[in-house]
Structure formats: structure tokens, C-alpha cells
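Let's go through this protein by asking where each label comes from.

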Amino acid sequence: MTFIAQRLQYFDSSDFREVFNRKQLLKNPVDLSVGEPEEHTTDFIKEAGIRAINENKTTYTPANGIVDLRIAIAKKLNEENGLNCNEEAVTIVPGLTTGQLLIYMAILDPGDEVLVMDPYYPPYNYLASSIGAHVTLVSVLPDFQPDLPMIEASITSRTKAIVINSPGNPTGVVYPESTLRKIASIAEEHGLLVISDEIYEHFVYENKHFSIGSIYPNTLTLNGFSKEFAMTGWRIGYIAGPKDIIEAINELQQYMVFASSSIAQYAALAALSQRPTINGKYLRKRDVVRKSLQDMGYTVHGMQGAFYSFFKAPNDITDIEFVEKLAERNLILVPGRAFSRLHGFVRLSYGANITQVEKGLDILAEVTSEMRS
Ligand code: PLP
């Protein structure tokens, strides 16, 4: 007899657990598995959080977040992203991962379909399946750019939404504006909602970032503080979009979240007042990683943004065999199957500092050349 609900069959985090276990077995591994920037939260942001605590701003906030933060976010979205929204069209969530579940719960009934590009950020897939929706995975091989006819061919009468993530995890792909315009017109033609996860918007090295919400009003724009502001542990993000959907999310938040952390919200408000300049450093790391991978003989696609590379293991060995081989030499990467139906790829994160990244690349080069000889 089991007390566990059926929906658990749709969740699979075993690949990430295995990565964690591999790390535990090693002494000082070179860890290029983690999807986090190397920086710490900046002092003035930490101080704003501490100030909120000292000023007893430690009580529940409205379910959709404090109004000052929503106003600041609406301003940012209007000025930087070309959206046309006010604070009522913005809701604060305790991180985009929870945000994604709230969105799906707000829009999807059992049997509804959602299109997700493969490779994907895992919650896009598992969370939709777990609430009875059908996920149609659309392959973006070979270059990780979406194939527009394939997207159109995947749409059925039950398709409600398309999820896009540019700059993307795990491939680092950035969609050009022309592609996003075409996706918007496909969505319009078929009456689809676009869910656009833009959490890596400030990590762009090629193809300028373009917010699809600026041209297609039936878009939910997701962004957060985890990556740009190195605030992964604060658990804070936001969703902006059509007011009826935002209201539905707020209704759900009332009983599922109650409200995001007040302390994190005040820290986030401070964060928006002073934006970090991070691109130079990450562009340099991107260049080092891309060139090294190419020198090792890997075919490299994507990598126009975010801080990931997703490439195929050599000699047709499986992703698991490859990450195990690398772990034997103290390097930790994530097997591609955690992000994809495809099993031959691995994800390398260059969120880590350049010394670690270079150490990791040296190990990768040694193992690769041994395997190829
Ligand atoms: N969206 C993408 C594409 C991500 O890669 C991640 C984290 O790796 C998240 C969302 C998670 O964001 P949050 O920390 O706000 O839950």
C-alpha cells in the first residue's frame, strides 16, 4: 500500500540527486554543475534586508507583494522591456520555480496542452504533467533555435500555451527578435498564451535580449532576482501579464504561498535601485569556455547568453557514463537527460569563478583527449 499520489510519477529529480551524491563523494571537486552566479548578494541589498528585519517589516505582505516593489518592477518592465503594464499587472512570487507552478495551475485544466522546447528547464515539463496537462516537447536540435514550422505542427485544439526561455537554460541560446516576432504571430493566430521566462536577461553576449511581451499582450513575462542580483537563496521573482491571469495567480497565492518573504521583497526593492554590471566578466568566461570546447573538438551551439553550455559527449557514450568518467577526475557536470529527452548531452555551467572554470576545462580536455585517442 502506498500513500503517495499518482502525480509523483511525473517528477524525476534523480539526476540532480545523483550529481549531489557524486559531489559528496569527492574532496574539493571542480563543480561546474550549479546554475548559480559566482557573486554573493551585494552589500547594499543585504543591508536592505537587514534593515527590513530591524524595522519589523517582518509580517505578512499582500499576496501579490508590496506595492512599492510592484511599482518599481512595472517601471523597469515599461522602460527596459517595452511592456505596457502597471503594478496591478505584476505579482511577486517566491521564486520563478513556484511561479511556474502557479501559472500552470491558473491556466491549465487536465488534458490541456503546453508546448515546451526540448532541452528545457525541468519544471516546465514536470510541473505541467503533474497537474494533468499534456506537455508537447518540441525539439530544437541542432542549434537550439526553435523550428517555427515544427512549433506550428505541434499545436492542437487543446494547446493553451507555449513556454519560451531566452536566454535559455541549459543551452545558453538567445532567440533573435525576428524569431520572437514569428512566435508571437503563431501564438496570436492560434490564440495561445506565451510564457516567457527571462530570468537570464542580463546575461546576453550575442543577439540583443527582446521581450516578446512588448509585442504580444497575451504574454506572461517572468523574471526574478536569483541570477542578475545573485539572490538565489532569497527566493524572490515576479510575473507580469494579462490582469485576469495575474488575478487568478493572486487568488492561488493567497492559499498556496500566502505571501513571499517580506524581507526578500524589501531587499529586491533596493536591488532594483542600482543594477549590477556583470556582462564583461561573463562574456570573458563564455569566450574561454566556447573556445576551449571547440579546441577539444566539441560542436558548440547556443551560448549566446546565460552561463551554460550543452554539448554532446564524445564517442557516443551516454551522458551518465561521461559525467561519471569526469567525476572520477574530480569534475562535476550535469547529465543532459535532466533537461531533455536526449541522452547524449551534458551541461556545463560557467557561473563559477574563472579559476574553477579553467580547472574544469583542463580536466575536460584531458578526459576528452584520452577518450578520442
Ligand atoms: N528559470 C530558469 C530558466 C532557471 O534556469 C532557473 C534556475 O536555474 C529558474 C527559473 C529558477 O528561478 P528561481 O530561483 O526564481 O526559482
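Q: What makes a stretch of residues a helix or a strand here?
A: Helices (H or I, at least four residues) and strands (E, at least two) are DSSP runs, numbered from the N terminus. The protein has 12 helices and 12 strands. Glu36 sits in the loop between β1 (30–31) and α2 (43–54).

Q: What kind of model is this, and how are its residues numbered?
A: This is a predicted model, where local features need pLDDT of at least 70, side-chain atom pairs count only at pLDDT 80 or more, and totals for chains, interfaces and linings use all residues. Residues are numbered from 1 along each chain as its sequence is written, and side-chain values use heavy atoms, with hydrogens and water left out.

Q: Why is Ser349 called buried?
A: Buried means under 20% relative accessible area, exposed over 50%, and partly exposed in between (1.4 Å probe, protein chains only). Ser349 has 1% relative accessibility, so it counts as buried. You'll find Ser349 in strand β12 (residues 345–349). Across the protein, buried residues make up 55% of the 373 residues.

Q: What makes the pairing of Ser349 with Val34 a polar contact?
A: A polar contact is a pair of N or O atoms within 3.5 Å; within protein, one must be able to donate a hydrogen and the other to accept it, and residues adjacent in sequence count only if both atoms are side-chain atoms. A polar atom of the Ser349 side chain lies 2.7 Å from the backbone oxygen of Val34. A polar atom of that side chain also lies 3.1 Å from the backbone nitrogen of Gly351.

Q: Which residues does Ser349 touch, leaving out those up to four places away in sequence?
A: Contact means heavy atoms within 4.5 Å. With those neighbours left out, Ser349 touches Leu32, Ser33, Val34, Gly35, Phe307 and Tyr308. As for the whole protein, among contacts between residues at least 6 apart in sequence, 77% join residues at least 24 apart.

Q: Is Thr171 buried or exposed, and how do you know?
A: Thr171 has a relative accessible area of 4%, so it is buried. Thr171 is in the loop between β5 and α7, and its side chain reaches the backbone nitrogen of Val173 at 3.2 Å. Leaving aside neighbours within four places in sequence, its contacts include Pro119, Phe144 and Tyr308.

Q: Why is Glu36 called partly exposed?
A: Its relative accessible area is 33%, so Glu36 is partly exposed. Its side chain makes a polar contact with the side chain of Thr232, at 2.3 Å. Glu36 also touches Phe307, Gly351 and Ala352, among others, not counting residues up to four places away in sequence.

Q: What about Phe258, buried or partly exposed?
A: With a relative accessible area of 36%, Phe258 is partly exposed. Phe258 lies in the loop between α8 (243–256) and α9 (262–272), and has a positive phi of about 75° although it is not a glycine.

Q: How do you know which label Asn315 gets?
A: Asn315 has 47% relative accessibility, so it counts as partly exposed. Its phi is near 55°, a positive value in a residue other than glycine, and its place is the loop between β9 (308–312) and α11 (319–328).
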